[in-house]
Amino acid sequence: MTTTEIRPAPEAGGGASDAARPVRWWSGRVSFRMHRRTALVSGGALLLAALLLLVSLCVGSYPVPVPDVARALFYGTGDRLAVHFVNQERLPQALLAILVGGALGMSGAIFQSVSRNALASPDVIGFNSGAATGAILVIVTFGGAAASVAAGAIVGGLVTALLVSVLASRGGLQGIRLVLIGLGVTAMLGSVNSYLLTRSSLNDAQNAHIWLVGTLNGRGWSSVQIMAVALAILLPPVLLFGRRLRMMELGDDLATGLGVRVNRSRIALTVLGIGLCGVAVASAGPIPFIALAAPQIAAMVTRSPGVSPVSAGAVGAGLLSAAHLASSQFFSVLVWADRQVGWVRVVEESQRNNLLPVGVTTAVLGGAYLAWVLFKRRGTGTA
């Protein structure tokens, strides 16, 4: 069996540039290649996420110095409050931000590459809304255990993906048709979700409404375990299909000529993308912006014409970690400003210990990002 490699074109000077020179990893018969700049960007984004995790363990309503954080993490000793805040509250949420952000980034990269449309992210084309509908059905019907909510979200995402794919596949799957039909399905599912909330009990409706905003507040180790197991299962096939994904971006005919089974690969990648966004939505709610922007930011920073799931996942982890830290410190910053200048009067005393849902922060950042993209592309005829 022969394999074909697509090598980067040499520069005018003769050799390939450092950014384009691939880095290879191999073990037996399994190997994959990553461009050096993609590897550097991915490593830098993960390092940023790790630094933000450390900062999030230290700051909060009960500040914990770095030496006390280290003792609480590695030995479980020290001040009891410090051990509780670090190990039971802040660490699970910070780890979950990295895992959920990585899953959303990879999911967005898969859908944007398969459809060849930068707007075809799970939160735009309705898959997140379908996952939310499945999770709400579980919450209002069975009480909302973590495992059952995850299963409901995945099933809801799969059903929605099947519906959108069938409606958008007439005459061939096209990116713009997929986005438009996805927007319509999202609007319909939003009304379904509102109806389910009105028919549920007050307690279930309140829990579902908080979850619908997209939040990491109150998440514990059970959610981290579900996300870790899901990524351990889904990440290897994502890496395996990553090379096929880059070939499919060249077009179906050329990808078929290179030996890629386009239809089977597209179905498998779609299922993987739905699984990633489904478990992410089940763990933290339908968090917007990350799946849409992480692949585009990764492609822009790596200067790559295509979208790499690895770099998109790393950038997604860094983005959601930053949004989580900003959300957890939002009210604290307002209180500090109020004490300094005396004219910030938007936080009541009873709200100062509450945490802003991370979905609110990502929605604001997403709106600003889309406005910047539209401003940058003004006059080009594209959006």
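Visitor: Start with Y62. Is Y62 buried, partly exposed or exposed?
Guide: This is a predicted model, so every value here is computed from it. The relative accessibility of Y62 is 26%. Buried would need a value under 20%, and exposed a value over 50%. Y62 therefore counts as partly exposed.

Visitor: And F85, buried or exposed?
Guide: F85 has a relative accessibility of 16%. The cut-off for buried is under 20%. So F85 counts as buried.

Visitor: How are the rings of Y62 and F85 arranged as an aromatic pair?
Guide: The structure holds 2 aromatic pairs. Y62 and F85 form one with 5.4 Å from centre to centre and 15° between the planes. Planes under 30 degrees apart get one particular label. For Y62 and F85 that label is stacked.

Visitor: How many residues apart in sequence are the parts that this pair ties together?
Guide: Y62 sits in the loop between helix 1 (36-58) and helix 2 (66-74). F85 belongs to helix 3. The pair therefore ties together parts whose separation in sequence is 23 residues.

Visitor: How do helix 2 and helix 3 pack: roughly parallel, antiparallel or perpendicular?
Guide: Their axes are 9 Å apart, at an angle of about 70°. Angles of 65 to 115 degrees share one class. That makes helix 2 and helix 3 roughly perpendicular.

Visitor: How many charged residues does the contact of helix 2 with helix 3 have?
Guide: Helix 2 brings V69, A72 and L73. Helix 3 answers with A82, V83, V86, N87 and L91. By class, there are 7 nonpolar residues and 1 polar one, and the charged count is none.

Visitor: Which residues does V83 touch beyond four places in sequence?
Guide: V83 is in helix 3. Its relative accessible area is 17%, so V83 is buried. Its C-alpha is 8.3 Å from that of D68, 15 residues away in sequence. The residues V83 touches are A72, G76, T77, G78 and Q88.

Visitor: Now helix 3 and helix 10. Are they roughly parallel or antiparallel?
Guide: Helix 3 covers residues 80-115, and helix 10 covers residues 262-284. They pack at about 150°, with their axes 9 Å apart. An angle over 145 degrees falls in one class. That makes helix 3, relative to helix 10, roughly antiparallel.

Visitor: How many nonpolar residues does that contact have?
Guide: The helix 3 side includes L96, V100, F111 and V114. The helix 10 side includes R266, L269, C277 and A284. By class, the contact has 1 charged residue, 4 polar ones and a nonpolar count of 15.

Visitor: Which handedness does the crossing of helix 3 and helix 10 have?
Guide: Handedness is a separate property from the angle class. The crossing of these two helices is left-handed.

Visitor: Which residues is L276 in contact with, leaving aside neighbours within four places?
Guide: L276 lies in helix 10. Its relative accessible area is 0%, so L276 is buried. G105 is 171 residues away in sequence, yet 9.2 Å away in space, C-alpha to C-alpha. The contacts of L276 are A103, M106, S107, I110, L231, L234 and V238.

Visitor: What separates the C-alpha atoms of M248 and S265?
Guide: M248 is found in helix 8 (residues 221-248). M248 is buried, at 3% relative accessible area. Among the residues M248 touches are R116, A255 and S265. M248 and S265 are 17 residues apart along the chain, and their C-alpha separation is 8.9 Å.

Visitor: What is phi of F289 near?
Guide: F289 is in the loop between helix 10 and helix 11 (290-302). F289 is buried, with a relative accessible area of 8%. Its phi is positive, in a residue other than glycine, and is near 80°.

Visitor: Last, the chain overall. What share of its residues count as buried?
Guide: The protein chain has 14 helices and 2 strands. Of contacts between residues at least 6 apart in sequence, 71% join residues at least 24 apart. Of the 383 residues, the share that count as buried is 46%.

How values were computed:
Residues numbered from 1 in each chain as written. Predicted model: local features only at pLDDT ≥ 70, side-chain atom pairs only at ≥ 80, totals over all residues. Heavy atoms only, no water. Axes fitted to C-alpha atoms, helices over the stretch in contact; angles between N-to-C directions. Helix = DSSP H or I, 4+ residues; strand = E, 2+ residues; numbered from the N terminus. Parallel < 35°, antiparallel > 145°, perpendicular 65-115°, else oblique. Left-handed = near helix turned anticlockwise from the far one by under 90°. Contact = heavy atoms within 4.5 Å. Nonpolar A, V, L, I, M, F, W, Y, C, P; charged D, E, K, R; others polar. Phe/Tyr/Trp six-rings, centres within 6.5 Å; stacked < 30°, edge-to-face > 60°. Buried < 20%, exposed > 50% of the residue type's maximum accessible area, 1.4 Å probe, protein only.
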